[in-house]
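User: I would like to go through this model in short questions and answers. Please define each term when it comes up.

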Amino acid sequence: QFFATSSISYRRLTDAKLKEINLSTNSANISSNNLPISSSVPAGVNDIVRHRPAVGWEIGFNVVYAISRSLQLTTGVQLNLRRYDIETFVSRTRDLSSLSLINNRGIETMSFYTPYNNNNGYRSTVLHNDLYQVSAPVGIQWKMIEGKKWGLTAEASVQPTLSLKANTWLVSSDYKHYTEGNDLLRKWNINSAAGFQITYTSKKSVLGVGPQIRYQHLPTYSNLYPIKENLIDYGIRLSITRPYRK
């Protein structure tokens, strides 16, 4: 079975850990100038950052084994490109900003200079986030409806995933700036996918098309980075299945 999917990627951000850092720093009676989050920023990260989906793709092949007339096991290899964009501004100078990271020694602050500013600048710009992955899905396909020519199939899979290459951006701890995030990228992850396909059976193959959703279970970045990002893809999957005959 060969398949290809055109998809768009959204992301879900969770900043609970970063807010815990801020609260613990407050309780230690440290000057507000040293806090990772300014007290003037009451909103959450999803209310401040501006991200929009971009078109990506998925291609691969499966070996399909029928264990009954209606139920099939699948396994194979696939490549994914997941993409989304961040809307921000670029300034003429580089501003000093910081990331609060969590490690075994507690909270560590990493400073950096960047021209990308979330609030103002001399022009707007878009930061492209691209993530190339390879995975080995293991799943099932269930023939819900099987007519002479047309049918309906449900499918689901679990996908151990390796990130091969990336171009990613992290928001700073005060939500005001961006810096490159490749060094904190999680190498291994787990995804799952589910969908439906309308199928058409010809003399030599079975053609399928239908919606698919793919979800990333572990955060994109390592546990050092306190803002958790989980990706979710919505796509249309096309497949061609050729029965094997001796």
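User: Leaving aside neighbours within four places in sequence, which residues is Met-144 in contact with?
Analyst: Contact means heavy atoms within 4.5 Å. Met-144 lies in strand S7. Beyond its neighbours within four places in sequence, Met-144 is in contact with Leu-152, Thr-153, Ala-154 and Phe-196.

User: What kind of model is this, and what pLDDT do local features need?
Analyst: Residues are numbered from 1 along each chain as its sequence is written, and side-chain values use heavy atoms, without hydrogens and water. This is a predicted model, where totals for chains, interfaces and linings use all residues, side-chain atom pairs count only at pLDDT 80 or more, and local features need pLDDT of at least 70.

User: Is Met-144 buried, exposed or partly exposed?
Analyst: Buried means under 20% relative accessible area, exposed means over 50%, and partly exposed is in between (1.4 Å probe, protein chains only). The relative accessible area of Met-144 is 37%, so Met-144 is partly exposed.

User: How many helices and strands does the protein chain have?
Analyst: Helices (H or I, at least four residues) and strands (E, at least two) are DSSP runs, numbered from the N terminus. The C-alpha trace spans about 75 × 40 × 30 Å along its principal axes. The chain has two helices and 13 strands.

User: Among contacts between residues at least 6 apart in sequence, what share joins residues at least 24 apart?
Analyst: The protein chain has 246 residues, of which 44% count as buried. Among contacts between residues at least 6 apart, the share that joins residues at least 24 apart is 72%.

User: What is the volume of the largest cavity?
Analyst: On a 1 Å grid over the protein atoms alone, a cavity is a set of points where a 1.4 Å probe fits but cannot get out, a pocket is an open set with protein on both sides within 12 Å along at least five of seven lines, and lining residues have an atom within 4 Å of a point. Grid points are joined across faces, edges and corners, and a volume is the space filled by probe spheres set on the points. The structure holds four cavities of 30 Å³ or more. The largest has a volume of about 160 Å³.

User: Which element gives the most to the lining of the largest cavity?
Analyst: This cavity has 19 lining residues, with Asn-62, Glu-155, Ser-157, Gln-212 and Arg-237 nearest its centre. By class, the lining has six nonpolar, ten polar and three charged residues (nonpolar: Ala, Val, Leu, Ile, Met, Phe, Trp, Tyr, Cys and Pro; charged: Asp, Glu, Lys and Arg; polar: the others, Gly among them). With four residues, the leading element is S8.

User: Which residues lie closest to the centre of the largest pocket?
Analyst: About 710 Å³ of space lies in this pocket. Its lining divides into eleven nonpolar, 15 polar and nine charged residues. Of the 35 lining residues, the closest to the centre are Gln-72, Lys-143, Val-206, Thr-241 and Pro-243.

User: The side chain of Asn-80 makes a polar contact with the side chain of Gln-78; at what distance?
Analyst: A polar contact is a pair of N or O atoms within 3.5 Å; within protein, one must be able to donate a hydrogen and the other to accept it, and residues adjacent in sequence count only if both atoms are side-chain atoms. Asn-80 lies in strand S4 and counts as buried at 3% relative accessibility. Its side chain has a polar contact of 3.0 Å with that of Glu-58. For the side chain of Gln-78, the distance is 2.9 Å.

User: Which backbone nitrogen does the side chain of Thr-114 reach?
Analyst: Thr-114 is found in strand S5 (residues 106–117). At 2% relative accessibility, Thr-114 counts as buried. At 3.2 Å, its side chain reaches the backbone nitrogen of Tyr-116.
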